[in-house]
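Have the sequence and the 3D view ready, then read on.

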Amino acid sequence: MSDLPKRLREQLASAFLPLETRVLRTDQAAEEGTAKLLVGLADGRAVECVVMREADRRTVCVSTQVGCAMGCVFCASGLAGVDRNLESHEIVEQFLHAQWTLGQQQRITHAVIMGMGEPLANLPNLLAALDTICSPESLGLSQRRITISTVGLPPAIRKLADRGVRFHLAVSLHAPNDHLRDQLVPVNRRFPIREVIAAADYFFARTGRQVTYEYVLLGGLNDRLEHAQQLADLLGRRPVHVNLIAYNPVAGLPYRTPTEHAVREFARYLKRRGIVVHVRKTKGRRIEAACGQLRLRHRDPATLAAAGAASSGGAGR
Ligand code: SAH
């Protein structure tokens, strides 16, 4: 705005920040086209955001909370509980940082709400942020290209369905029976599997959008054929998708990645039973791009500040 006096421009520049958040660190796994951003918040906390490039898609994965209260035993995000919900502008700004990382030639085409936190535990702020992101003046993403992933909170799933949204819903199941799910996903003790599935059925009935069940395969724990059988029995003839995800190991946790053989056999069994199965490719393991892993290494604020100063070039490690 060169038509403003220089002094006024200086005053404006020092009085206003264009954004409240900033990228403290960028890790790139160039050969996979994945970039992971550590996004610093105004209060000194940080969350993660991942950008994935594929042939004709650019998908961003955003966080909704600092930490997570759900306590799934294998996940890095919830190891220290939840600090707070993100404000809606803090969610929007992750999209903006991701878009700037991609540059002008490549637009974000899809979003997955699968970063840190439980999205349905911060529903009002998330919906406000997605309204912004979907508006034509902003990124203009359609709701159909946005997946909200939840640990499975039935009241919130029903509330979302009643709003007549067109988002894709993914439910993190991870176990085919309550006994095992109680151990892996503690919130199951409050909302057992049948209530989660009933809410997901309701979502499908109200929105017409098929639900995806996510199933993280943990070596030796939930990856045996008997589990695949129970899962197929549980889902029956529902028109659902199952996303199998090989566990991405978290330092300090005792869980293991399944063997390739176990993943293949699990998928094959479900397919034989008529279920649509996707085996999610592991991306960004080198840059520790699974939920909460990057922040875990950088939680100490002094380390955070140092990382911010050192990484402005965005070079990988
Ligand atoms: N709280 C939401 C969204 C965030 S987690 C939910 O539970 O769905 C997104 C997905 O990544 C969930 O299915 C989660 O269980 C899974 N996940 C968490 N840690 C993982 C890890 N180390 N390896 C593979 N998947 C992981």
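## Who sits around the ligand

To follow along, you need one cut-off: a residue counts as near a molecule if one of its heavy atoms lies within 4 Å of it. Keep in mind that this is a predicted model.

There are 20 residues around the ligand, and the ones that come nearest are Gly 117, Ser 149, Ser 172, His 174 and Asn 248. Sort the shell by type and you get 11 nonpolar, 7 polar and 2 charged residues.

Now zoom in on some side chains. His 174 has a polar side-chain atom 2.7 Å from an oxygen atom of the ligand. In Glu 118, an N or O atom of the side chain is 3.1 Å from a nitrogen atom of the ligand.

How much of the ligand's accessible area does the protein cover? On its own, the ligand has 530 Å² of accessible area, and the protein covers 94% of that.

## A closer look at His 174

Where would you find His 174 in the chain? Look in the loop between strand 9 (168-172) and helix 5 (178-184). Its backbone is worth a glance: phi of His 174 is near 70°, a positive value in a residue that isn't glycine.

Is His 174 buried or exposed? His 174 counts as buried because its relative accessible area is 5%, and buried means under 20%.

Notes:
Residues are numbered from 1 along each chain as its sequence is written. This is a predicted model: local features need pLDDT of at least 70, side-chain atom pairs count only at pLDDT 80 or more; totals for chains, interfaces and linings use all residues. Side-chain values use heavy atoms; hydrogens and water are left out. A polar contact is a pair of N or O atoms within 3.5 Å; within protein, one must be able to donate a hydrogen and the other to accept it, and residues adjacent in sequence count only if both atoms are side-chain atoms. Accessible areas come from the Shrake-Rupley method with a 1.4 Å probe; for residues, only the protein chains shown count as cover. Ala, Val, Leu, Ile, Met, Phe, Trp, Tyr, Cys and Pro count as nonpolar, Asp, Glu, Lys and Arg as charged, and the others, Gly among them, as polar. Helices (H or I, at least four residues) and strands (E, at least two) are DSSP runs, numbered from the N terminus. Buried means under 20% relative accessible area, exposed over 50%, partly exposed in between (1.4 Å probe, protein chains only).
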